[in-house]
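Work through the exercises below with the sequence and the 3D view open. Try each task before reading its solution.

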Amino acid sequence: MLLQIETTHRPATDLGYLLHKNPAKLQSFDLSFGKVHVFYPVATEDCCQVAVLLEVDPIGLVRGRRGPSGNNYRLDQYVNDRPYVASSFLSVALNKLFSTAMNGRSKERPELVEQPLPLKATLSVVPCRGGEELLRRLFEPLGYALAAERHPLDDRFPEWGEGHYHTVRIEQTISLRSLLQHLYVLIPVLDNDKHYWVGEDEIEKLLARGEAWLSTHPEKDLITTRYLKYQHRLTRDALARLVSEDDLDPDATEAKHDIEEEEIEKPLSLNAQRMGSVLAALKASGAAHVLDLGCGEGNLLRDLLKEKQFARIVGVDVSVRSLERASGRLKLERLPDMQRRRIELMHGSLIYRDDRLTGFDAAAVVEVIEHLDPPRLRSFERAVFEFARPGTVVITTPNQEYNVMWEALTAGTFRHRDHRFEWTRAEFQEWAERVAGSHGYTVRFLPIGPVDDVVGSPTQMGVFER
Ligand code: SAH
């Protein structure tokens, strides 16, 4: 099975930097089901083409496994199309080879990650029983120009007609990251055969790779159903969580911008005051089981762990890197068993409904809402207040009016470059009253940090109670 991706962006060899694979080298990697090779048939200033050659070992696939009926000797286990076609194996290989690019990171060419580039991808053999029509329904809404060539079942017997194998070319000016994500999700959808994977974590992968585009794709039901291989419960969960699309790119820029925000707010040690106020509100609520939604690197989690009152503490964040840092900073690996059992970190997004978040007494959402695009805020409201429904919700967000008090901040800018908005007290209160009212909560407001007569405090806090 061969996948080729080509660009005419100049210098075209930037493709190598984006993929983190050197155009001068042939590299091979072992996979549990075979081998994958990456090389560049063409690598010039004007045109660069990367080839991914996947060799699936059909014998290796069945070794040690029993057939569905307990019969180990079914011929189709050994003689099948798996070595030759684009299937979920190719997606697994893409993930292994290019996960950095798919996550939107590039060490050497960060500026190119989101940039649309002229890209062309060719899949040598795609099994697709729905024919060219299905190919078009899947790729064209994403903006691709598509050409498909259907192959006869057997050249020697034209009367047998056409098979369901196609050579497919797609072309578009698009970021490499998006192209890889589309291929990762859609290849197994087209194949629709037995998948190498089936499990709960496939929902996470589907949502992660489909975050920016799946919820608005007209075929999202078909894609989700087939990707999850007709496992109805998984499909339902995945669709339910696609409340809205999410194009957050949490890891790329957060860390740097966090430092900027800290610098601006430093003289007040506002962060410490914020954690203190939130902790006090959570303690006063009498909660035992608490969520820290958008926990970042675990500032609040550290304080929560110190309080015996909190018997179960769950930190959730969309950024895997932040969770890893939180785990390191809290030294989770080294905590004694009793302590370790109290705390859990979960990867998840607050704009999707998530059943893991139900049944808690309280939730903190500290300096998170301003990172959400206003349309996504709606999904966040539902995910938290309608579905997770903790007894108490403590939300903090910057008070925009206070920005005039900071010398380091130029007029009209936000404290953190990833903030999508910063609200005045009136704006926050209006939002909070509406959310509380429509979900059966009451809300009260408290200032955090020094209070100025005119502009109020730097941070504002809403405490919602059911
Ligand atoms: N509460 C932490 C971190 C605040 S920074 C603290 O006060 O220190 C905002 C955090 O929200 C980041 O860690 C970011 O990854 C997370 N975040 C942003 N959008 C999110 C979403 N949709 N779901 C979950 N976490 C999100």
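## Exercise 1: Gln-172

Leaving aside neighbours within four places in sequence, Gln-172 is in contact with Leu-117, Pro-118, Leu-119, Leu-142, Gly-143 and Tyr-144, where contact means heavy atoms within 4.5 Å. This is a predicted model: local features need pLDDT of at least 70, side-chain atom pairs count only at pLDDT 80 or more, and totals for chains, interfaces and linings use all residues. Residues are numbered from 1 along each chain as its sequence is written, and side-chain values use heavy atoms, with hydrogens and water left out.

Task: place Gln-172 in the secondary structure, and find what lies 3.0 Å from a polar atom of its side chain.

Solution. 

1. Start with the element. Gln-172 lies in strand S7, residues 162-174. Helices (H or I, at least four residues) and strands (E, at least two) are DSSP runs, numbered from the N terminus.
2. Check the accessibility. Gln-172 has a relative accessible area of 18% and is buried. Buried means under 20% relative accessible area, exposed over 50%, and partly exposed in between, with a 1.4 Å probe and protein chains only.
3. Find the partner. The backbone oxygen of Leu-142 lies 3.0 Å from a polar atom of the Gln-172 side chain. A polar contact is a pair of N or O atoms within 3.5 Å; within protein, one must be able to donate a hydrogen and the other to accept it, and residues adjacent in sequence count only if both atoms are side-chain atoms.

## Exercise 2: the ligand

Task: which residues are closest to the ligand, and how much of the ligand does the protein bury?

Solution. 

1. Collect the shell. 18 residues surround the ligand, and the closest are Gly-294, Asn-299, Asp-317, Leu-350 and Val-366. A residue is near a molecule if one of its heavy atoms lies within 4 Å of it.
2. Sort the shell by class. It has 8 nonpolar, 7 polar and 3 charged residues. Ala, Val, Leu, Ile, Met, Phe, Trp, Tyr, Cys and Pro count as nonpolar, Asp, Glu, Lys and Arg as charged, and the others, Gly among them, as polar.
3. Look at nitrogen atoms of the ligand. A polar side-chain atom of Ser-349 lies 3.2 Å from one. A backbone N or O atom of Leu-350 lies 2.9 Å from a ligand nitrogen. A polar backbone atom of Val-366 is also 2.9 Å from a nitrogen of the ligand.
4. Read off the burial. Taken alone the ligand exposes 570 Å², and the protein buries 93% of that. Accessible areas come from the Shrake-Rupley method with a 1.4 Å probe; for residues, only the protein chains shown count as cover.

## Exercise 3: salt bridges

Task: how many salt bridges are there, and which parts does the pair Arg-329 and Glu-297 tie together?

Solution. 

1. Apply the rule. A salt bridge is a side-chain nitrogen of Lys or Arg within 4 Å of a carboxyl oxygen of Asp or Glu. The count comes to 24 salt bridges.
2. Take the pair. The side chains of Arg-329 and Glu-297 meet in a salt bridge, 3.8 Å from N to O. Arg-329 lies in helix H13 (residues 320-329) and Glu-297 in the loop between strand S8 (289-293) and helix H12 (299-305), so the pair ties together parts that are 32 residues apart in sequence.
3. Compare another pair. Arg-136 forms a salt bridge with Glu-140, with the closest N and O atoms 2.6 Å apart. Arg-136 is partly exposed at 27% relative accessible area, and Glu-140 is partly exposed at 36%.
4. Glu-132, Arg-136 and Glu-140 are linked in a network of salt bridges.

## Exercise 4: backbone geometry

Task: is the peptide bond from Arg-10 to Pro-11 cis or trans, and what is the phi of His-20?

Solution. 

1. Recall the background. Most residues other than glycine have a negative phi, and most peptide bonds are trans.
2. Check the bond. From Arg-10 to Pro-11 it is cis, with omega near -5°.
3. Check phi. His-20 has a positive phi of about 55°, although it is not a glycine. Lys-331 has a positive phi of about 50°.
4. His-20 is partly exposed at 32%, and Lys-331 is partly exposed at 43%.
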